[in-house]
Every structure is written in C-alpha cells, then in structure tokens.
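Subject: Structure handover

Hi,

Here is the structure we talked about. Please open it alongside the notes below.

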Amino acid sequence: MKTGLKGINRASVAATVTLTAGAVLAGGAFASTAQAAAPPTPTIAAKGGFVMNSGTAKTLYGKAADTRRSTGSTTKIMTAKVVLAQKNLNLDAKVTVQKAYSDYIVNNTASSARLIVGDKVTVRQLLYGLMLPSGCDAAYALADKFGSGSTRAARVKSFIGKMNASAKSLGLKNTRFDSFDGIGSGSNYSTPRDLTKIAGSAMKNSTFRAIVKTKSTKQKVTTKSGGYRYMSWSNTNPLLGSYSGAIGVKTGSGPSAKYCLVFAATRNGKTVIGTVLTSTSATTRTSDAKKLLDYAFKK
C-alpha cells in the first residue's frame, strides 16, 4: 500500500510541475505580447513636442511641452480662429487689398499670398491665402478688417488683443501674441501644449477644417478695374497627401522659431493633434510629426 501511495504522489507532483511550467510559459508569452504592444517613445529633433487625443484631450506625448518658444507662422492658426469667431461673420464679404499689405511683405521679406493692390477678395479667400501659402499679406488684411479703431494701426492692435483674449479664454498661461502672423517684436510665444489646444479648438470650426485640409485651391477674385483674375495657392503642409489620414493644420518658421509644425490626422475614428516647435529643418519637422503621429495611433 505504501508503495502505491508513493507512486500516486509522484504522479501528482509531476502533473503539478507540468501544469505550473505551462502556466509560467503562457504567462511569459502574454507578458512578451504586452511588452511588444507598447510602442517605443520616439526621439525627435524638435526642442519641444506634444500630442493629444483630440476627442478625449488625453496627453499621448510630451517633450518640453510647457516651455515657451517662438511660434513663427503657426501663429496664424489663432488669426484664423479669431476671424471665424466673429459674430455674424460674412465669409463672402469683400476686402480691398491695400498697398500697406504688399509693402509689409516687402519690408519684412515675408511669406505671401501674392495679393494684388486694388483687388477685391472675400474673407473666405483671405483665410485660404492665410493658411495655405501662409500669406502675411492676407493676415494683415484680416487684422485690418476685423480689428476696431479709426486707424490701421489701432485696428491691428485691437485684433492682436482679440488673439490674446482668445488664448486667455482657453485657459492658456504660456501664450502671448504681439503680431497677427508671427513676425513680431520678440514677444510672440507659445508652447507645444498650448498651440495644440489652440489648433484643437480651431478644428471644431467646419470652415477652418475645410481650409486646412486643402492641398491647393484656385480662387477667382475681382480686379481693381472690375474684371477678374485667378489666384492659385498651395498648402505648405507636407503631411497632406504624404501621411495617411492627415487633415491639417499649419507650418511655421523663422529666425528664432526655426521650423515648426502643428499637425492633425484621423485614422479608424481616432483623431490626434500635436505640435513640434524649434525643429532643425523643414525635413526634420515633417519627420518629427510623422514619428509622433505613428506613436499616437499605436497608443
């Protein structure tokens, strides 16, 4: 009897060991799968970066996300947001292009929508000229149109005040604008997190979304003599057409800003939006953005 019992115990022990070993192996396999599913945090050239889930506002990535930096032409996201927030806005209202707008471009060697003095362009067309070719002349025209005051300088100052008020209303404490286009006096700054929030808010507007996802457009404008001409604008955002699901939003550059990009994309019902500031070149800012988008969609 003793021998039999011992045999049974050996068999039980063997079975238990086999089951335990199997469980450990299975557990190890599950752990490996879980580890493999977690994407490695990307390394970007930009000094600052931030990405969030647009739907939930959950942070997906941050690098110096709250460090203030020059924003270049990504400033124009707020310019467009302020215009589109105007009460009783008529997008088809016409604005006459002033010599001051073209002089401004020449004096600052600024990016241009190539607006022609005397032409009558609609507010909607100015928004396309602002966001696609990054026209500082279009930005000036919009600030002049939607600011308040008896002089152009007063209207521009008023408009910039509206930009700052809008930032404050979003609860942003690390953003300040001193220009309508990013060409300021050195006091124009934001952070990757703040700019992403500005863009996320702007993207709630259907007109803004339609504009920033447009790769190119041809617009018919009225000339000074009453005839018409066509203006052709291409989007400076290289993600459009090169990154699956890209839907916007804006490039930026400048002596202190270096190379910036605010970006957004949608895949499988998930929209992510983010910013890279102070990247090293136009190529690297695009590469940085793609890395962050890939990472965000895997999280």
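Helices (H or I, at least four residues) and strands (E, at least two) are DSSP runs, numbered from the N terminus. This is a predicted model: local features need pLDDT of at least 70, side-chain atom pairs count only at pLDDT 80 or more, and totals for chains, interfaces and linings use all residues. Residues are numbered from 1 along each chain as its sequence is written, and side-chain values use heavy atoms, with hydrogens and water left out.

First, a loop residue. S242 sits in the loop between strand 8 (228-234) and strand 9 (246-254). S242 counts as partly exposed because its relative accessibility is 40% (buried is under 20% relative accessible area, exposed over 50%, partly exposed in between; 1.4 Å probe, protein chains only). A polar atom of the S242 side chain lies 2.6 Å from the backbone oxygen of P238. T286 is 44 residues from S242 in sequence, and the two are 10.0 Å apart in space, C-alpha to C-alpha.

Five strands form an open sheet, in the order 2-1-11-10-9, with antiparallel pairing (two strands pair if DSSP finds at least two bridges between them). Strand 2 (59-63) and strand 9 stand at the edges with a single partner strand each, so one side of each has no neighbour in the sheet. The twist averages 5° from one strand to the next. Axes here are lines fitted to C-alpha atoms, for helices over the stretch in contact, and angles run from 0 to 180 degrees between N-to-C directions. Strand 1 (residues 48-53) and strand 11 (residues 270-279) run antiparallel and are joined by six bridges. G48 has L277 of strand 11 as its bridge partner.

Helix 7 (residues 192-202) lies across strands 1, 2, 9, 10 (258-267) and 11. Its angle to strand 11 is about 135°. Contact means heavy atoms within 4.5 Å.

Last, helix 6 (residues 152-169). Helix 6 has 18 residues and reaches 26 Å from first C-alpha to last, close to the 26 Å expected (1.5 Å times one less than its number of residues). Which residues of helix 6 are buried? They are R155, V156, F159, I160, M163, S166 and A167. These cover an arc of only 135° around the axis, which puts them on the same side of helix 6 (the arc is that of the directions from the helix axis to the C-beta atoms). On the other side of helix 6, A153, K157, K168 and S169 are exposed. Cover for the buried residues includes helix 2 (76-84) and helix 5 (136-146). Just after helix 6, G171 takes a positive phi of about 80°.

Best wishes

Note on methods: Polar contact = N/O pair within 3.5 Å; in protein donor to acceptor, adjacent residues only side chain to side chain.
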